[in-house]
Amino acid sequence: MNKKFLSASILSANFSILGKEIKNVLKSGVDMIHFDVMDNHYVPNLTFGPMVLDSIKKLNFSAPIDVHIMAKPVDDLILKFAKCGATFITIHPESTKHLNRTLDIIKENGCKVGLAINPASSTKILDYVIEKLDLILIMSVDPGFSNQKFILNTFKKIHKVKKKINLIKKKIYISVDGGIKICHIQPLLKLGVDILVIGSYIFNNNNYKYIIKKIKNKMNFL
Ligand code: DX5
Ligand code: ZN
């Protein structure tokens, strides 16, 4: 079976000690860091930008950083996040007028290419751009906030996306983002999800070692 990854969404971290929070979750076993960029325009919330990513990179860890941009316009931001060392850059199709061009910008600047699909958006768009993608981020909540309720329709959508991926030869990661709790882990992985993005379920627990171990045990015990 392919390796499964746990990505910690730092949107729920304590920003006053962000570096320490990242070191702690990495030490406790998360595989990736998920960095939610929000602009109070594409989504009704405001978070962090390239300067913060730049500081985080100075912590010098090897885990990939998965930059999820919920901002519009997006093309210029991609250049900045690529320069700061993003591993994956994931964007929403609604945030650009010309999706092919935007996906090309991500790749040309040395990052892995991700596309996010909102809960009420169709997967049809994948038919036109799937070959450019390294990652498909299936949103299981409307983007904008942590600690929302997981939307159950996500399971149907994963199934559809998996079928499309199976038709092409390239490895494309399926990542699911939003509202994930312990009860969702096994059903998601069984459907072929590769990356679980989890925020509040990790950071709202005061023992990261304990909660990450609990999640990892579920992930490994399929
Ligand atoms: C929502 C963000 C998610 C969010 C996940 O817009 O993209 O990454 O932080 O956090 P939880 O796990 O709390 O839903
Ligand atoms: Zn996210």
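Reader: Which element gives the most to the lining of the largest pocket?

Author: This is a predicted model, in which local features need pLDDT of at least 70, side-chain atom pairs count only at pLDDT 80 or more, and totals for chains, interfaces and linings use all residues. Residues are numbered from 1 along each chain as its sequence is written, and side-chain values use heavy atoms, without hydrogens and water. A pocket is, on a 1 Å grid over the protein atoms alone, an open set of points with protein on both sides within 12 Å along at least five of seven lines, whereas a cavity is a set where a 1.4 Å probe fits but cannot get out, and lining residues have an atom within 4 Å of a point. Helices (H or I, at least four residues) and strands (E, at least two) are DSSP runs numbered from the N terminus; strand E6 (135-139) and helix H6 (154-166) each give two or more residues to this lining, and the largest contribution, four residues, comes from H6.

Reader: How much space lies in the largest pocket?

Author: Its lining includes Pro-119, Ile-138, Asn-153 and Lys-160. With volume taken as the space filled by probe spheres set on grid points joined across faces, edges and corners, the largest pocket holds about 170 Å³.

Reader: Which residues are the closest to the centre of the largest cavity?

Author: The structure has one cavity of 30 Å³ or more, and the volume of the largest cavity is about 210 Å³. Among the 25 residues that line the largest cavity, the closest to its centre are Phe-145, Ser-146, Asp-177, Gly-178 and Gly-179.

How values were computed. Chains lettered and ligands numbered in written order.
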